[in-house]
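Open the model in your viewer and keep the selection tool at hand.

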Amino acid sequence: MKLLLIAKNNIKSSLATSVILVLLVILSTFMMYTGIGIESQLNEFVDEKNERLHGADSTVIVGNSNLDNVITILNQREDISKYEVHDSIYYTSPKICNKTRQDKGKNLITIVLNASDSYNISQIPIIDETTEKLENGILVPYILKTADKYETGDELEITVENRTHTFVIAGFYENVIFATPSNISMYQFFVYDSEFQTLREEVVDSAKQSVINIHLDGTGSEEFKKSFALQFKGMVKGENTYLQILSYDTFKEGTTMFVNILMVILIAFSLILLTIALVVIRFSIIVHLEKNIKNIGSLEAIGYTTRQIKYSLLLEFIMLTLGGILVGLVLAMTASSSVGNIISASIGLQWIGHISSLGIISSFMINLLLILIVTAMTARKLKRITPLVALRSGIETHNFKRNYLPLTKSKLNLNFAIGVKGLLFNRKQNIVMSVIISLLTFACVYALAMYYNFVIDDSALLNLVGMETSEIQMSVNANDYDKVINQVKEMEEVTKVYDFIWEDMLLKNGEKESQVRVEVTDDFSLLEVKTLIKGRLAEYDNEIVISNKTLDDLGLKLGDSVAVSSFGREEQYLIVGVKQHINGLGKGASLTTEGMKRLKPNYKITMASIYLANGVDVKNFINKLNYEFSDVDKLIINLDDSINTVMESFRGSVSTLCIVCGGITAITVVLILLLLIKVKIIKEQKQYGIYKALGYTTSQLILHVGYSYLPVILLGSMIGIVLGFLLSDPITRMLLASNGIMKVNFIMPYQYIVFIPLGIILVSAITILLSSLRIRSITPTKLLDQ
């Protein structure tokens, strides 16, 4: 009970420091609980969501010309418990514009299905449904509500080849596979029967496709994808063999990947804040010992042991820490709705989080344990305080530390020399402060680098993703392909055209197999996006380049051979290069057209990547292509706008991360300086009184304080910037290691990064000025009274 009274009295006597400590523990707990809670629940949440929606284990999108073949294969397989076939409309370059919100519009591949169909697999329970059914109603993905702020009742225009259809948003739906365009680069909409039939009558045959939702029995979705693709290519011999197999397991991983990275960063920030809280505790104890040294000596003189006084300090910080943890947890749970909106905007699913026991236990254990350890270690200084030392107010008979800057010999300005002496005298404190500032600066540099590469200049990110950046992709019927593409090459708006397509194939190494998307082109040196990290590009018909992730899955290395199966045949290829990309969860390979002909002698690429000259309007050029080749069966994708739409899904989260980093840095710098300057003034108030007696003004003494801290802050900022330059790429590589990423070359925005230390110095200078004003209250007469 007596120790509790002492602990309470200590808290009251250092109320400002206690408030700072509690605030840091609250922030640390908030971020730690949020990060651990979401990270631990995310995968289970997505599985539960898919189960609740009776979501498909696999979805197949197929052209109507091959629908009968697909149905035949599905009926032959014993691992399918149920499947449903739905007619759909496949738009490659629609313009989607919310007229109510007056947004700039989106261009992304869009599949339109009939909402009047019966959906027992991948059900579409409607969120925020209109009160009455609208004939021109449209159901859109939930991510458009969370990320783009679409609302029920908004007017939505879809324009395809100069034909505009106007709909009213009748609600939102969820589907794990089609949850976010960052995962699939495609929207899936639902319209009611009369509108659906009207739309379907307007499009060419190649745009009339079918969507097949499948429930599997005893087979994983990835295994099904591999075997089904082999069966299909073994059966179909024609050129127009469009088939897309969407695996739930793959898209689940893709949906959660970005959020997982954000949560890891959030947990890292919570640990940085906790580290700062530990520093605050250390200095709080030092201040307490300095300020109350006579009281401590008196307690020892009347019989209190050092251990009892130490326990009172432990009790003080346990009380403060527990209070901060409890408030932080309450705030985290209260803010779960707002946090859930951010998560929903990232994954495209309505986030419903639960109280995380793991988050609560981790927050308590990590915060409390580390704070107890630091408190116990710092409180060992009590052993040095005896009643005799306390009577002398802690003044020892002699200080044996070396005087590096004797004022009698220094040629520096006197005020500057005194400030530097203070800097050199507090070496341990300055080292700790430099570490804190450098960590905060590094966090800001990393966040700014992410913001620059996601929002301002995404060229390096697209190179990492592995997406080819031509303005247009054009698929043409095999019979007309050569004639059409040759005419396109002659158009003045075009700078480059080359054949480029993907094929799903099975790669084998003994018992190990991997179904991957294989890039096929005549000459890989023409590609704008360079993903090769080892070896060289494939040139001959027996060579292949494989992604690092796929090599790991197959247990292969550069120079080995791999079996490739497709079109009912299997051939061996020599691995001459290793590439990397996030696309396809890091899985992929590259073959030349001649290499493909070993598997299918009459193989022909029917898709081209088209690059336009600077200043050419992509939409107008697509209209020109549609007009010039109106009698040709073709599909045209506005890849430029599609990429922008995909990137928009990341930008909101990254912008939030940057704001959080900047805000935490500013708050932490202010709190730390307030504490340190308070410590300094308490420890050196007698010295300041002597300086004033000698004629120094308050302004000069404030300059001394500035000279003592600003160099340390500047040094910490410079170290943080260097760490940001050196470690940003390796840390990103570590976060993306699950996708086989080995090299990261983000663009560092040097022109913006230089403002980070300037901002920190500015905030520090203002804080030093304001917190040092208490020096005005120190006078020689008051010190004599004490």
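Is F442 buried or exposed? This is a predicted model, and in it F442 has a relative accessible area of 15%, under the 20% limit, so the residue counts as buried.

Ten aromatic pairs are counted in total. Another of them is F45 with W351, a tilted pair with 4.6 Å from centre to centre and 55° between the planes. F45 is in helix α2 (residues 15-52) and W351 is in the loop between α11 (336-347) and α12, so the contact ties together parts 306 residues apart in sequence. F45 is buried at 6% relative accessible area, and W351 is buried at 13%.

Next, select Y119, Y173 and F190, which form one aromatic cluster.

For charges over rings, show K496 over the face of Y611, 4.8 Å from the ring centre, then R598 over the face of Y573, at 4.6 Å.

Move to helix α12 (residues 357-378), which supplies seven residues, the largest share, of a nonpolar patch. The patch covers about 710 Å² of surface, and its members include L271, I361 and I373. I373 lies in α12 and is partly exposed, at 42% relative accessibility.

Finish at helix α7 (residues 221-235), with 15 residues and a reach of 21 Å from first to last C-alpha. Its buried residues include F224, F228 and F232, along with K225 and K226.

How values were computed. Residues are numbered from 1 along each chain as its sequence is written. This is a predicted model: local features need pLDDT of at least 70, side-chain atom pairs count only at pLDDT 80 or more; totals for chains, interfaces and linings use all residues. Side-chain values use heavy atoms; hydrogens and water are left out. Helices (H or I, at least four residues) and strands (E, at least two) are DSSP runs, numbered from the N terminus. The expected span of a helix is 1.5 Å times one less than its number of residues. Buried means under 20% relative accessible area, exposed over 50%, partly exposed in between (1.4 Å probe, protein chains only). Patches are made of residues with over 30% relative accessible area and no salt bridge: like charges are joined within 9 Å, nonpolar side chains (Val, Leu, Ile, Met, Phe, Trp, Tyr) within 5 Å. Accessible areas come from the Shrake-Rupley method with a 1.4 Å probe; for residues, only the protein chains shown count as cover. A salt bridge is a side-chain nitrogen of Lys or Arg within 4 Å of a carboxyl oxygen of Asp or Glu. Rings of Phe, Tyr and Trp (its six-membered ring) pair if their centres lie within 6.5 Å; planes under 30 degrees apart count as stacked, over 60 as edge-to-face and the rest as tilted. A charge sits over a ring if NZ of Lys or CZ of Arg is within 6 Å of the ring centre and within 35 degrees of the ring normal.
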